[in-house]
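Dear colleague,

Please find below the structure that I am handing over to you. My findings follow directly after it.

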Amino acid sequence: MDSEPDVEGIANKYGYVESREEECTSADQLVQRLEEAWLNESFSPELLPYQNDIVECVLDQLRYMKENLQGIGNNGFRATMHKMEVERIQYVLTSYLKMRLGKIEKHGAFVLEQQERGEIEADDLLSLEERRFARAYVASIEDYLHDVALVHMPFNQQDFNMASVDVGPNLDEYVFLKAKMQTLGVLVDEETSQSRDGEVIDLDEGSQHIIRYRVIAPLVKDGSVVLF
């Protein structure tokens, strides 16, 4: 991944941007949060909660940056650097949203089934547009399978829904992570040959590890670690 963008000048020029729910941080901190959300979504096997505040703030920041570009013209080193920064942030944001859609296409039926059972809060996991997309996508697949295959089967075998074959992501995949803060008492395995109580480790700030995702999933979601 590219080095962290130099947006300190942009932050000073534009100040701060407010989202619908909370005040956004400075521009460099905002881009860092976006990149962390992008990395976590890239390397997490499951769909992570939608980062609405970050997305809204980044969109507002991009609008301010584009307005400023119109004021400084299209020529010169300064304009070129600002254009490159706008394009870079747009790429990260677009990639983040596209990766989420890809996961919805892969496990949308599983996510919707969890929502119906009350196992997850759909408002936290999916944006409004993503929920609409998930329902429409799953329905279109089920309709297609019915029209090309199920309709030719015996009547008692025509009942089918995608959730019955979507077992969800593999949470036991191993992932690389970096600890953003010290975290004590992480249970790596429920039981090992050395201990009936399982293996417990401490994550020191800045340390890097390879661990099963299921073990550190809560730490990814609360921001204690970042995947890479």
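Which residues does glutamine 114 touch, not counting residues up to four places away in sequence? Glutamine 114 touches Glu119 and Ile120, where contact means heavy atoms within 4.5 Å. Glutamine 114 lies in helix H4 (residues 77–117), and helices (H or I, at least four residues) and strands (E, at least two) are DSSP runs, numbered from the N terminus. The residue is buried, with a relative accessible area of 19%; buried means under 20%, exposed over 50% and partly exposed in between, with a 1.4 Å probe and protein chains only.

Please note that this is a predicted model, in which local features need pLDDT of at least 70, side-chain atom pairs count only at pLDDT 80 or more, and totals for chains, interfaces and linings use all residues. Residues are numbered from 1 along each chain as its sequence is written, and side-chain values use heavy atoms, with hydrogens and water left out.

I turn now to the sheet. Three strands form an open, antiparallel sheet in the order E4-E1-E5; two strands pair if DSSP finds at least two bridges between them. Strands E4 (208–212) and E5 (225–227) stand at the edges with a single partner strand each, so one side of each has no neighbour in the sheet. Strand E1 (residues 174–179) pairs with E5 over three bridges, and leucine 177 stands opposite leucine 227 in E5.

Helix H2 (residues 27–43) lies across E1 and E5, at about 60° to E5. Axes are lines fitted to C-alpha atoms, for helices over the stretch in contact, and angles run from 0 to 180 degrees between N-to-C directions. Helix H7 (residues 213–221) lies across E1, E4 and E5, at about 120° to E4.
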